[in-house]
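Colleague: Hi! Could you walk me through the aromatic contacts in this model?
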Amino acid sequence: MATTALPPLPKMSQNSYWKDIGQRLTYIQEGHKGPVIYDFFDPNCPYCHSMYDEEQSLIKAGQLTVRYVPVAYLMPSSTPEAAALLQSSDRVATLQHFEALAGKSFAAPMTASGPVGLPQAKATAPTIQALKTNMAILQTTHSMGVPAILYEHKNGSKGLIPGMVSHGELLTMLPNLK
């Protein structure tokens with residue numbers, strides 16, 4: 001697990017950065033207990049789907065709150081798939097349904113446009129803006145890959161884990177997260 005401190009943030013303290021991203025990001029939250037992490041994902045990322053699976057038992061046990069932050073850049077179908085998630089009247093249920101389908105889709109051969117059968121919607125202007133903002137914030141971390149986990153330590157420092165994190169690694173991190 002390669003963790004890195006966030007890069008220096010111009011004209012903004014680490015604490016105001018954390019508060020600011022929580023207000024600017026568009027996300028889908030699962031869980032209401034335990035430390036909060038932000039999990040940046042693209043709907044067409046098989047590693048992101050695996051990361052989702054790794055987090056679920058911790059969420060269900062009340063040990064972790066995950067704010068899933070969609071970005072859309074891996075494939076042409078990423079934007080309409082992210083739109084289906086963000087424009088849903090029940091984002092959590094749609095995310096859970098999507099992830100159940102994604103497990104089957106990623107097991108099958110991929111098409112040039114991504115996994116077959118994932119929900120799609122025409123992205124509205126506000127959704128397109130939300131996806132652009134999410135991507136811009138991901139870029140401020142200097143991580144362009146997904147999944148990317150953004151977190152805060154109990155001591156107030158912020159960190160980033162680019163790439164996949166196992167269930168065991170998450171368990172090791174939990175006691176130190178805010």
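Colleague: Where do Tyr27 and Tyr38 sit?
Modeller: Tyr27 is in the loop between α1 (14–24) and β2 (28–30), and Tyr38 is in strand β3 (residues 36–41), 11 residues apart. Helices (H or I, at least four residues) and strands (E, at least two) are DSSP runs numbered from the N terminus.

Colleague: Is Tyr38 buried or exposed?
Modeller: Tyr38 is buried at 1% relative accessibility. Buried means under 20% relative accessible area, exposed over 50% and partly exposed in between, with a 1.4 Å probe and protein chains only.

Colleague: And which residues does the ring cluster link?
Modeller: Ring pairs join Phe41, Tyr52 and Tyr68 into a cluster. Both Phe41 and Tyr68 are buried.

Colleague: What should I know about how the values were made?
Modeller: This is a predicted model, so local features need pLDDT of at least 70 and side-chain atom pairs 80 or more, while totals for chains, interfaces and linings use all residues. Residues are numbered from 1 along each chain as its sequence is written, and side-chain values use heavy atoms, leaving out hydrogens and water.

Methods
Rings of Phe, Tyr and Trp (its six-membered ring) pair if their centres lie within 6.5 Å; planes under 30 degrees apart count as stacked, over 60 as edge-to-face and the rest as tilted.
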